[in-house]
Protein chains: 4
Amino acid sequence: MVKQPDPARRSERSRQAILTAARELVSEVGYAKLTIEAIAARAGVGKQTIYRWWPSKGAVVLDSFLALSEAGPEQDMALPDTGDLEADLKTVMRATVAEFADPAFEGPIRALNTEIINDPALAAQYREKLAGPVDEAKKARLRSAQRAGQLAADADLDLALEVLYAPLYQRWLLRSGPLTPEYADALVEVFLKAMRPAPPGRP
Amino acid sequence: MVKQPDPARRSERSRQAILTAARELVSEVGYAKLTIEAIAARAGVGKQTIYRWWPSKGAVVLDSFLALSEAGPEQDMALPDTGDLEADLKTVMRATVAEFADPAFEGPIRALNTEIINDPALAAQYREKLAGPVDEAKKARLRSAQRAGQLAADADLDLALEVLYAPLYQRWLLRSGPLTPEYADALVEVFLKAMRPAPPGRP
Amino acid sequence: MVKQPDPARRSERSRQAILTAARELVSEVGYAKLTIEAIAARAGVGKQTIYRWWPSKGAVVLDSFLALSEAGPEQDMALPDTGDLEADLKTVMRATVAEFADPAFEGPIRALNTEIINDPALAAQYREKLAGPVDEAKKARLRSAQRAGQLAADADLDLALEVLYAPLYQRWLLRSGPLTPEYADALVEVFLKAMRPAPPGRP
Amino acid sequence: MVKQPDPARRSERSRQAILTAARELVSEVGYAKLTIEAIAARAGVGKQTIYRWWPSKGAVVLDSFLALSEAGPEQDMALPDTGDLEADLKTVMRATVAEFADPAFEGPIRALNTEIINDPALAAQYREKLAGPVDEAKKARLRSAQRAGQLAADADLDLALEVLYAPLYQRWLLRSGPLTPEYADALVEVFLKAMRPAPPGRP
DNA sequence: TATTAATCGAGACGGTACGTCCTGTCTTTGC
DNA sequence: GCAAAGACAGGACGTACCGTCTCGATTAATA
């Protein structure tokens, strides 16, 4: 049986130093050129301390992002709900476009995606810890729209989210086209057209 | 100015050996564990010959896929056009789902995507050589549907393609849900709802 | 300031394996075709372990010779001292001639000299570790002869050693003439003529 | 049977360019870092042209020195002969010391010696073409001294030359001591003491 | 409070691959 | 038919990291 390290003895100071170093280095040199050795050096930590607690480079980086999210524990991911679904979604999608354009996010997010694509375990963790909560917040807004009769009541919300976000995500990931506010608006319009409730009566 | 190698002197025999070796090795060991050194050894080629003609490992692998595509020169990428757009698209999307499920494609395509995400130059080449022609074939089918009045005449076809394909691609890439024939069908239905022509008259 | 490796952590087992491998390989393939890579492979050692502790191929080979010399710790380098300087020197010089003729010594010693000529640092180490102690033993014999009145009391012993040995060394190194016992004797005779004490009295 | 290149077709312009380039590069980067490729590039010559006409790097470099010597065909290597052997020898030895101290000679001469040590064929050529004539000139001066009764008539002149020059050469080659005018003088004095004629009479 | 056992920073280790450089041969093109 | 140009297979270079492995030196919970 393999001896597991005792989490109780774990040095919190080292853990924080490692996550911080990882975050900084991803920004500075990019994920591909990030090395465990550099993280250890920057964090003033022995390499073994990293290998003891994380199974892979990707796990460290993912944790470093999670640490950020968890920082503000009760942070509000809820989407705006003014009653005007189209306006709310355009606001959110334009914000997403802006976020993707921010070079400070560019590197780390690409890094994360790179690793997630090839590591199912990491992908599961990513969905559970990061994507899941965000998606739930989005679905909550859509359910509100369904209740307001602005969206088909029987719509598959997972599919709906994909139709709304996947084009944007793909365009960014593969750099297959410009990300503009207009593009965000167009996506929302297409989405609403696809998801609007069936006209009443006329059976 | 950097001296460029003279393409006229390039050894076709070496080029083929390298591309073949790359293709085989990606299948055998996966992209992450693929090394230039192994490709050179398998191809019976000096490492310098690879470095002379390709800027990165990703470029070699991309080329090795391109070589496959180009193998059958007059291959027909055209989509079926029976006149029934919904049926045709469902056929195509179900085929795409099946292709993504094939473990023989899984590895290499993920590999390619991994590299493309982080290498803009590679991404551009990928779009030009691989994605571009395929997208053109798809757009041709959509234009045919526009002429038949089955699709809004003023639809942005790039956006349309994204709405149709990006959800499928994202679900596969991030493993965020099951890829089933039913899912393919559902995507087509959403797509058609979003893209159908505006009802005539009634101004 | 360049970080120096910590000698306390040095692996003695690796050090020995490297020196042994170097010695064997010099004999087998010659110094010119000796590679760090081959030494590392033969010694079952990472290349970095060699680069960590030695600055050059020549330094490894020099050390591998030194290790041999140090093997017998209390080995007696003292020259014979029968009281008959001429006889003693002829014995020693004839032995040197024989040593130079031994093909097992030929290769490695030429190798070492090759490197020493072009590498002042190596040359210094060579003089300190190998040539120095030997020269001291020789000078001890000459001092004994001075006390016995067989050699000029004011003779420069460094110069004396050079006059005695350099012709032999040069003839061997440049292959500019035959190395015979007679040649050894002739050198000793010339040396004694040059270095004998000035005749007493007769001011 | 191996096809030999036809010397008649040899391009004199290329040959000169190669020898010049070799000489320059030895001075600039040293013999150890001298490469055939660099010579070819500097000379504006194909590598094959070098491999066609010379068997080794050392041969090119030796030839490059020979070309220099042959430049002035009837150049006078004769030593001064004022009748005062000691003064003449001190002049010559001091000049040799100065020459060895000249950094412009340092590199190339060490280079040559490096190669000669390990390549008997090259050594033979060196002795025949370069060292031989110089030694003859020196022996001529010594014979003149013998005729003048300043040197033992039966002295072995080869041995004599070695006693005179080898200490200087060795000290320079191995950097085993300082090369000063005083050292040159001391060597001449020792040499004369060793080689002076036996006192007459007293049989 | 002393003991003891795991974690810590540090970094050497055997390895693998990197990307560069050079070797000596071969091929193409121009003179 | 030699020459320049330079691509080629091969292989060593010296470097960077990998993941493992010792080292004392903390450090924290048990005795």
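**Surface near DNA strand E**

I sorted the residues of the surface near DNA strand E by class and found 10 nonpolar, 14 polar and 15 charged. For this I took Ala, Val, Leu, Ile, Met, Phe, Trp, Tyr, Cys and Pro as nonpolar, Asp, Glu, Lys and Arg as charged, and the others, Gly among them, as polar. The model is a predicted one, in which local features need pLDDT of at least 70 and side-chain atom pairs count only at pLDDT 80 or more, while totals for chains, interfaces and linings use all residues. Residues are numbered from 1 along each chain as its sequence is written, chains are lettered from A and ligands numbered from 1 in the order in which they are written, and side-chain values use heavy atoms, with hydrogens and water left out.

I counted 39 residues around DNA strand E, the closest being B:Tyr51, C:Ser14, C:Trp53, D:Glu37 and D:Gln48; "near" requires a heavy atom of the residue within 4 Å of the strand.

I then looked up individual atom pairs. The side chain of C:Ser14 places an N or O atom 2.6 Å from a phosphate oxygen of DNA strand E. A polar backbone atom of C:Gly46 is 3.5 Å from a phosphate oxygen.

**Chain A with chain B**

I noted 31 residues from chain A and 31 residues from chain B in the contact (heavy atoms within 4.5 Å). The two chains bury about 3,000 Å² between them, 61% of it on carbon and sulfur atoms; this is the accessible area (1.4 Å probe) lost on being put together, summed over both.

I found two salt bridges between chain A and chain B (a side-chain nitrogen of Lys or Arg within 4 Å of a carboxyl oxygen of Asp or Glu). A:Glu162 and B:Arg171 form a salt bridge at 2.8 Å, N to O. H8(A) gives the largest share of the side of chain A that touches chain B, 10 residues.

**Chain D with chain C**

I recorded about 3,000 Å² buried between chain D and chain C, 60% of it on carbon and sulfur atoms. The salt bridge I looked up here joins D:Arg171 and C:Glu162 at 2.8 Å, N to O.

Notes
Polar contact = N/O pair within 3.5 Å; in protein donor to acceptor, adjacent residues only side chain to side chain. Helix = DSSP H or I, 4+ residues; strand = E, 2+ residues; numbered from the N terminus.
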